[in-house]
Amino acid sequence: MAENNPTRPPVLSEHPADRPAGAGTPPDGGRGAPPLTVPDILAAKGHRRLVMVTATDEPSARWADRGGVDLLLVGDSLAMAALGRPTTLSVTMDEMVHHCRAAAAGVRRALLVADMPFGSFQVSVPEAVRNACRLVAEGEARAVKLEGPRLAEIEAIAAAGIPVVGHLGLTPQSVHRLGGYRVQGRDEEAALLILKQAKAVERAGAFLLVLEALPSAVGKAVTESLRIPTIGIGAGPHCDGQVLVLADLVGLSEPPLPRFVRRYAQLGEALRDAVQRFAEDVRRGDYPREAESYASPPTLAEALSQSPGDA
Ligand code: KIV
């Protein structure tokens, strides 16, 4: 039973049924390996491939962390994956802080990275630093990610002591300028520009670089030319690690999916089937059964049946 499980924190009540519904699986306390640090991530380059997935809340972070990822990203993709919005552009700093703090509650080992949302770092360098500080102080992130070769912002945030992740290639916050979610760096000029930007982002102080939607040859060239690790999403197999949006990986998002997505579960269908079976059980009177209901002394039922009920 849960109360005797040493990996669970103590329950507040003597009786398991007295806990609120949904409180049965809090993040466990004393699990496994120590938390991964920025030096651990840097040291992985050339030795082992890094794994990152996105998380939007405590349960997704907890289960992904238990799955052994190195990095968890509270990406602004949560606008689309969790909030039903058409692009990432409308997600606010307050929403990012809210989701990040929830994810932080589920993380034990992975390094938690928060995305800086659209508008949070484009206006001025001091505002970028202030918003990065909010994601760390209020959101409990341990690093922040920002899209594009924003060298002054990366430098200033890193100088404030906050580890920074860069993001080049397809940068979804620039969807309107790019004319859609298109593969980048397809011709020599564009590929060389990305290579140049990647080196500049590294020099500015980023400790990790996400490369999105690039030909494999560009992913390879950038990875080989940097000392910091690269994490690919649709940037081929030569990056130092890979990231996927969790909703895509576990089957909670709907097609059409980008070419690089591989599904490892069909949780959307599993969820629908579970709800359907619950609905069937309720409708035919098979839920709840005796064992799922609270008992009382027989005298109580008798007293209730004799009471006029209008006290
Ligand atoms: O927001 C996000 O999920 C991302 C990943 C695509 C890397 O930036």
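**View 1. Strands E3 and E4 pair in the parallel sense in this predicted model.** Three bridges join strand E3 to strand E4, which spans residues 143–147. Within this pair, Asp115 stands opposite Lys145 of E4.

**View 2. Eight strands form a closed barrel.** The order around the barrel is E1-E2-E3-E4-E5-E6-E7-E8, and the pairing is parallel. From one strand to the next, the twist averages 25°. Helix H8, made of residues 188–204, packs on the sheet. H8 touches strand E5 (164–169) and strand E6 (208–212). The direction of H8 makes about 175° with that of E5.

**View 3. Leu112 is a buried residue of strand E3.** The strand covers residues 111–115. Leu112 has 25 C-beta neighbours inside 10 Å and therefore counts as buried, since the cut-off for a buried residue is 20 or more. Leaving aside residues up to four places away in sequence, Leu112 touches Leu72, Ala103, Ala104, Val107, Ala141 and Arg142. Thr37 is 75 residues from Leu112 in sequence, while their C-alpha atoms are 9.7 Å apart in space.

**View 4. Residues from several parts of the sequence surround the ligand.** Thr54, Leu73, Gly75, Asp76, Ser77 and Asp115 are among them. The list also includes His167, Val210, Glu212, Ile233, Val243 and Val245. By class, five residues of this shell are nonpolar, four are polar and three are charged. Asp115, one of the residues around the ligand, is also the residue that stands opposite Lys145 in View 1.

Methods: Residues numbered from 1 in each chain as written. Predicted model: local features only at pLDDT ≥ 70, side-chain atom pairs only at ≥ 80, totals over all residues. Near = placed C-beta within 6 Å. Nonpolar A, V, L, I, M, F, W, Y, C, P; charged D, E, K, R; others polar. Helix = DSSP H or I, 4+ residues; strand = E, 2+ residues; numbered from the N terminus. Buried ≥ 20, exposed ≤ 12 C-beta atoms within 10 Å, placed from the backbone. Contact = placed C-beta atoms within 7 Å. Pairing = 2+ DSSP bridges. Axes fitted to C-alpha atoms, helices over the stretch in contact; angles between N-to-C directions.
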